[in-house]
Amino acid sequence: MDHSRLKIVIFGAYNAGKSSFIRAIDPKSRHIEANKCEVSTTVGLDFGRTLVNGRKIYLFGTPGQERFEFVRDILSRGMDGAIVVADTTHDLDGLTEGLCASLSASGCPYAVFLNKCDHPDSQPGRYHAITCSVFSPEISAVNGCNTSEALREFLDIHFQ
Ligand SMILES: Nc1nc2c(ncn2[C@@H]2O[C@H](COP(=O)(O)OP(=O)(O)O)[C@@H](O)[C@H]2O)c(=O)[nH]1
Ligand SMILES: [Mg+2]
């Protein structure tokens with residue numbers, strides 16, 4: 001497999017910190033809001049790039065709302081790996097649990113990034129059910145704490 005370029009898709013519930021994570025990795029990342037005129041629906045997508053150990057890494061942020069499953073499906077095509085961003089100030093939600101179950105079943109390399117660890121209400125243990133068997137570093141996407149290191153380690157585990 002060609003590991004010189006990797007497509008990594010970022011999943012997670014609405015508000016988990018997906019856009020913030022991509023921005024922390026790539027300050028020049030693009031956020032795209034696609035509006036549908038008849039209904040007040042907005043699909044938020046993010047795209048960022050970075051270089052890790054000489055490899056081009058392309059990050060695709062997906063919308064977190066349940067109803068945009070078709071958008072997640074389209075963005076997932078051809079992905080090499082996935083990162084599920086989890087908000088440790090909230091309990092495990094059904095969407096995050098379902099995402100992990102389908103990633104696990106698909107065999108796609110994935111990790112759960114435990115976000116908002118700077119926050120006083122952060123309790124990473126809430127996610128134990130989905131983190132016990134996968135790489136699950138604690139990060140803070142807003143202050144950038146451990147974001148690049150966690151991404152690098154995830155890539156080292158699966159794409160050496
Ligand atoms: N305290 C804290 N807040 C965060 C962190 N990451 C994201 N947020 C906040 O959580 C909210 C949602 O973040 P965003 O990146 O838009 O989430 P998305 O919907 O998953 O793309 C924003 O108000 C962010 O400032 C973090 O690491 N720590
Ligand atoms: Mg977002």
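Student: Is N15 buried, partly exposed or exposed in this predicted model?
Tutor: Happy to take that one. N15 lies in the loop between β1 (5-12) and α1 (18-25). Its relative accessible area is 52%, and the cut-off for exposed is over 50%. So N15 counts as exposed.

Student: What is the phi of N15 near?
Tutor: Most residues other than glycine have a negative phi. N15 is a residue other than glycine, yet its phi is positive. The value is near 80 degrees.

Student: Where is N146, and is N146 buried, partly exposed or exposed?
Tutor: N146 sits in the loop between α4 (128-131) and α5 (147-159). Its phi is also a positive value, near 65 degrees. Buried would need under 20% and exposed over 50%. With a relative accessibility of 26%, N146 is therefore partly exposed.

Student: Now for D46: which side chain of opposite charge is nearest to D46, and how far away is it?
Tutor: D46 belongs to strand β3 (residues 41-52). D46 is buried and has no salt bridge. A salt bridge would need a distance within 4 Å. The nearest side chain of opposite charge lies 5.7 Å away, and it is R23.

Student: Which side chains make polar contacts with the side chain of D46?
Tutor: Good follow-up! D46 touches several residues beyond four places away in sequence, among them I22, R30, L59, F60 and G61. The list of touching residues also includes S19 and H31. For polar contacts, the D46 side chain pairs with the side chain of S19 at 2.9 Å, and at 2.7 Å with that of H31.

Note on methods: Residues numbered from 1 in each chain as written. Chains lettered and ligands numbered in written order. Predicted model: local features only at pLDDT ≥ 70, side-chain atom pairs only at ≥ 80, totals over all residues. Heavy atoms only, no water. Helix = DSSP H or I, 4+ residues; strand = E, 2+ residues; numbered from the N terminus. Buried < 20%, exposed > 50% of the residue type's maximum accessible area, 1.4 Å probe, protein only. Lys, Arg positive; Asp, Glu negative; His and termini not counted. Polar contact = N/O pair within 3.5 Å; in protein donor to acceptor, adjacent residues only side chain to side chain. Contact = heavy atoms within 4.5 Å.
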